[in-house]
Amino acid sequence: MLNKMRIVNEVMETGVVAVIRGKNIEEAINVASSCIKGGINAIEVTFTVPKAHKVIDKLKEMYGDSIVVGAGTVLDSETARIAILEGAEFIVSPSFDLETSKLCNRYDIPYMAGCMTIQEIIKAMEAGTDVVKLFPGSAFGPGIVKDIKAPLPQVSIMPTGGVSLDNIDTWIKNGCVAVGIGGSLTAPALKGDFEKTTELSRQFIEKVKLARGK
């Protein structure tokens, strides 16, 4: 449990998880590096990237303990185990999967399961999910966070999808422990403009600090 707590706390402290996609290993590493350069030290490498487990391994080799690297778009426990063996420090799924939750608990790895309803959230929490990934966030907007936390004040929520520079402060102020950001952060890097993604990373981090009153 100590490892889970440490990783979750690091993700929460940063407040922003960069969701990394790419057409190959090299592109994914370059996109992730541009985010890290801008101050985002929580990286989620999605398993839509070919050989995503090798990206995870390479990023840990490059940056060591200065970052936390997790695996995203994990649909089953088999994929989760592959990711963990390659160094993934947290697992993110688009939906809740009981076997994945069990595996992560077995290896003391945080599990962030995608949920859309109160029923799904409660089911995920009962099975040991550490952070609920509100997904897709674009289907709700920041206002739903207060509605969820009214009956479930103890739930840790991280929306992914629908988070932008214009609304990230509202997500945080409404009670989210962190946010996951994909296209609105990494789109420039995927087109070769890595400096723009680095600058956006700085802006997202600054917005979180301001929203937290730091």
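Trainee: What should I know before I start?

Mentor: This is a predicted model, where local features need pLDDT of at least 70, side-chain atom pairs count only at pLDDT 80 or more, and totals for chains, interfaces and linings use all residues. Residues are numbered from 1 along each chain as its sequence is written, and side-chain values use heavy atoms, with hydrogens and water left out.

Trainee: Is Ser33 buried or exposed?

Mentor: Buried means under 20% relative accessible area, exposed over 50%, and partly exposed in between, using a 1.4 Å probe and protein chains only. Ser33 has 15% relative accessibility, so it counts as buried.

Trainee: Which residues does Ser33 touch, not counting those up to four places away in sequence?

Mentor: Contact means heavy atoms within 4.5 Å. With that sequence exclusion, Ser33 touches Met62 and Tyr63.

Trainee: How do α2 and helix α3 pack?

Mentor: Axes are lines fitted to C-alpha atoms, for helices over the stretch in contact, and angles run from 0 to 180 degrees between N-to-C directions. Helix α3 covers residues 52–63; its axis and that of α2 are 10 Å apart, at an angle of about 40°. That makes α2 oblique to α3. For the classes, under 35 degrees is roughly parallel, over 145 roughly antiparallel, 65 to 115 roughly perpendicular, and the rest oblique.

Trainee: What is the hand of the crossing of α2 and α3?

Mentor: A crossing is left-handed if the near helix is turned anticlockwise from the far one by less than a right angle, and right-handed if clockwise. The α2 and α3 crossing is right-handed.

Trainee: Which residues meet there?

Mentor: From α2 come Ile25, Ala28, Ile29, Ala32, Ser33 and Ile36; from α3 come Lys54, Val55, Lys58, Leu59, Met62 and Tyr63. By class, the contact of α2 with α3 has nine nonpolar, one polar and two charged residues. Here Ala, Val, Leu, Ile, Met, Phe, Trp, Tyr, Cys and Pro count as nonpolar, Asp, Glu, Lys and Arg as charged, and the others, Gly among them, as polar.

Trainee: How many disulfides does a search of the whole structure find?

Mentor: A disulfide is a pair of cysteine sulfur atoms within 2.5 Å. The search finds zero. For Cys35, the closest cysteine sulfur is in Cys176, 19 Å away, too far for a bond. Cys115 is in no disulfide either; its nearest cysteine sulfur, that of Cys176, is 13 Å away. Cys35 is buried at 0% relative accessible area, and Cys115 is buried at 1%.

Trainee: Which peptide bond is cis?

Mentor: The one from Phe135 to Pro136 is cis, with omega near -5°. Pro136 lies in the loop between β6 (131–134) and α7 (143–149).

Trainee: What is the phi of Thr73, and what is that of Asp108?

Mentor: Thr73 has phi near 55°, a positive value in a residue other than glycine. Thr73 is in the loop between β3 (68–72) and α4 (77–85), and is partly exposed at 23% relative accessibility. Asp108 has a positive phi of about 60°, although it is not a glycine. Asp108 lies in the loop between α5 (98–106) and β5 (111–115), and counts as buried at 18%.

Notes:
Helix = DSSP H or I, 4+ residues; strand = E, 2+ residues; numbered from the N terminus.
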